Amino acid sequence: MKNPRFFLICFIFCCLYMFSCTVKQDSLHVLNTAGLREIPFDAHWLFARDSLSGVEKIDFDDSGWRSLDLPHDWSIEDLPESPGVKQIGPFSENSPGGPSTGHVMGGTAWYRRHFTLDADSGKIVAVHFDGVYMDSDVWINGVHLGGHPYGYTPFAYDLTPHLNPPGTDNVLAVKVKNEGKNSRWYSGSGIYRHVWLTVTGSVHVKKWGVAITTPVVSEQAATVQIKTDVQNQTDKDVSVTILTQLKYNDSAVSENAHTTVQISANGAAGVTQSIEIKAPKLWSPDSPGLYSAVVEVRKDGEIIDRVTVPFGIRSIRFDPKTGFSLNGKPVLLRGGCMHHDNGPLGSATIDRAEQRRVELMKSFGFNAIRTSHNPPSKQFLDACDRLGILVIDEAFDQWQREKNPQDYHRFFDEHWRGDLESMVLRDRNHPCVMMWSIGNEINERADPSGLALTREMVELLHQLDPTRPVNEAICEFWDHRGRPWSDTAPAFALLDVGGYNYQWQRYGEDHAGYPDRIMVGTESVARQAFENWQQVEKNPWVIGDFVWTGMDYLGEAGIGNSILYKDSTDVGFWREWPWFNAYCGDIDICGFKKPQSFFRDVVWGLSRLEMAVHAPIPDGYKERVSFWGWPDEQQSWTWPGHEGDTLQVNVYSRCEKVVLQLNGQKIAEQPVSGETGLKTTFKVPYQPGTITAIGITDGKQVASKSFETSGPPVKIKLTADRRQINNDRNDLAYVTVEALDEKDRRVPYAEIPVSFTVGGSGELAAVGNGNPADMKSFQNPECTTFRGRCLAILRPTGKAGRIKLSARADNMQPAEVSIRVE
């Protein structure tokens, strides 16, 4: 028999080792609350994509669950194998939403978060969710805190009464139910926006309790009004002083405002303060300067709470005779509608992804975004503030009547007031927000029940925020066949600004009947960009145009398409499997500019001339372009195999005429004007070389555009949007992958599988291309180029250093790129 001491020593050693591992793991979840008001709560969540029971209990065994960081969208993740079911990556033929939601799966899932508090501070601890899709329920230590059905509005719960003593484990459990057909587009699933804790004293500024307005604005001076609501959660009356200071770039620009207020036990009180600023820096798309208000609550001279609220100084005015004015100057809204997904990342609200979408829109000429058809993330609005993009902040896609059987209409009557309040209270200090929208293409919009709801919502919004107008996007009666357009008049009469979806032809007639009505094109299509923009340029009562859409999005598969046909053109509203994205945007899901955006540059006056070449159409075929689609044209003169074939060259220009050259020789000349829709078309026999369009005005060359024929692809090029990123899970590096010829020209016909390897201080977050029908995993380290390019997205893993991305393809020169993480 072996020595029993040996077994005893081994047993003790194993126990000590397991204990040390447990302490190390638990230490990751100890929250240091000292001096902190807001604590990020995105890391160290446990996740199970399953409809389990008993998960809310504190002693539930979650040891085998997957660990992840928020924000998280499970619908974008690869599905487990399911024998006999057609599926690719996250896509499944069993998707309840089908092409409407991009063929992805929802379901029910659970999240759990273990944490301990470092000390009994006597503080009030609350958990805040910026968005969970959808129908969530939350428990703390087995106690049900509540449910929140709507997937797009923020909510919070007080954890304080149910927390365990310091040093012991607390468990937050969240059940998310994305069941059935509940959305008309890709929604994503899960805790897809940020989560954080607030730690405050018993007397504190209420959630979203600071409201800032600028009632008087000029270049010489501005009056800033700050209303602060303070809550007293003690059993005694208290006297506190509210001290507010305004800053710009962290430097004080005002004297402190002091106001003392008495707050009754378990009550609340509001304080309004006014501060004047000389020579203010006014916020606008051209100069989006931001101030901050530092609000302190003091009791007996001690600071007991402090919040910092960013804001902008600007004035807005809407008038049918002068249009929309920002800081006293007219602004025409060059708008785009945007859904909330981040393409290959799904709906996960990673800060850099939100910022990049806004950057792309701004760089491609947009100055306004309509957040269709729901409130966006806080981070999206923060980016719009910083970069200078105006926003129509939209609340709902349906009210009491369903658009899908399991959508928000089930909860509307009970929750619409709370959801509107949370949208406005959270977003009201963002200078980018210029208008509220209460709905999109609402079924009951012109019926008595809908008119009553409209009246109630408008009144509530005016109470919550009297500084901004209220809008609703109204469409023709496709859902009530036979009803005349005139039936919309009572609905428009209740709104401050009337939203028109695809109805630019009615602007003149409606203005004649209702001259005080302010109109905005809340949805339009790219092929009618010129007609819509003419209405904006010529009529001050039409303040802008918002194309559907600014950027491609997942779901509503293939509503923007062009197809070739011989006999039949009936393809329905959308395209079926394997199409998964809408493909109607000016920008594709990877952020690459699409052909219609070049046309829009000319329409908006951002470019004097652009050119596109239509793809060859085989004999016997015709092209059918959907309502939201665009003809199959490209910015390319590379068409191998079509030598001698006649190609259609479209030139868009604001010049008087266009001269076309091929390989340095003039081959045609044509006039162009508004009467031709800023477009002229040439028929050109294809031969390799260089094609050039030259714009002529007053007999002088004022613009030109050339395309050069590329050779076969021989190498890969990697280009990172930034060569240095933050060591933060909320940062990303976007790497463009291109197939180039020997002269470093992108090869637009190249469809080449590329494989990726990532090393160092990061991971591959996603890959993708702009092909709306290339159904593949977004997470596997391989992607096929579409029109000569694709995208890889890198994410830091938590340590400083470098991320190294390598890309390889058969018979191609490989490429590498290195990104510093600090």
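Which are the buried residues of helix α8 (residues 529-538)?

1. Helix α8 buries Ala529, Phe530, Asn532, Trp533, Gln535 and Val536.

2. Confidence over the protein chain averages a pLDDT of 95, and 96% of the residues score at least 70.

3. One stretch calls for care: over residues 6-28, pLDDT stays under 50. For that stretch the model has two contacts beyond four places in sequence. Where pLDDT is low, the predicted coordinates should not be read in detail.

4. Ser75 is worth a look in your viewer. The loop between β4 (66-68) and β5 (87-88) holds Ser75, which has a relative accessible area of 2% and is therefore buried, the cut-off being under 20%. A polar atom of the Ser75 side chain lies 2.6 Å from the backbone oxygen of Met105. Leaving aside residues up to four places away in sequence, Ser75 touches Pro90, Val104, Met105, Gly106, Asn178, Tyr186, Gly188 and Ser189.

5. On the surface, Leu564, Ile617 and Tyr621 form a nonpolar patch, with about 250 Å² of accessible area together. Tyr621 sits in the loop between β34 (609-614) and β35 (622-625).

Methods: Residues are numbered from 1 along each chain as its sequence is written. This is a predicted model: local features need pLDDT of at least 70, side-chain atom pairs count only at pLDDT 80 or more; totals for chains, interfaces and linings use all residues. Side-chain values use heavy atoms; hydrogens and water are left out. Patches are made of residues with over 30% relative accessible area and no salt bridge: like charges are joined within 9 Å, nonpolar side chains (Val, Leu, Ile, Met, Phe, Trp, Tyr) within 5 Å. Accessible areas come from the Shrake-Rupley method with a 1.4 Å probe; for residues, only the protein chains shown count as cover. A salt bridge is a side-chain nitrogen of Lys or Arg within 4 Å of a carboxyl oxygen of Asp or Glu. Helices (H or I, at least four residues) and strands (E, at least two) are DSSP runs, numbered from the N terminus. Buried means under 20% relative accessible area, exposed over 50%, partly exposed in between (1.4 Å probe, protein chains only). A polar contact is a pair of N or O atoms within 3.5 Å; within protein, one must be able to donate a hydrogen and the other to accept it, and residues adjacent in sequence count only if both atoms are side-chain atoms. Contact means heavy atoms within 4.5 Å. pLDDT is the predictor's confidence in each residue, from 0 to 100.
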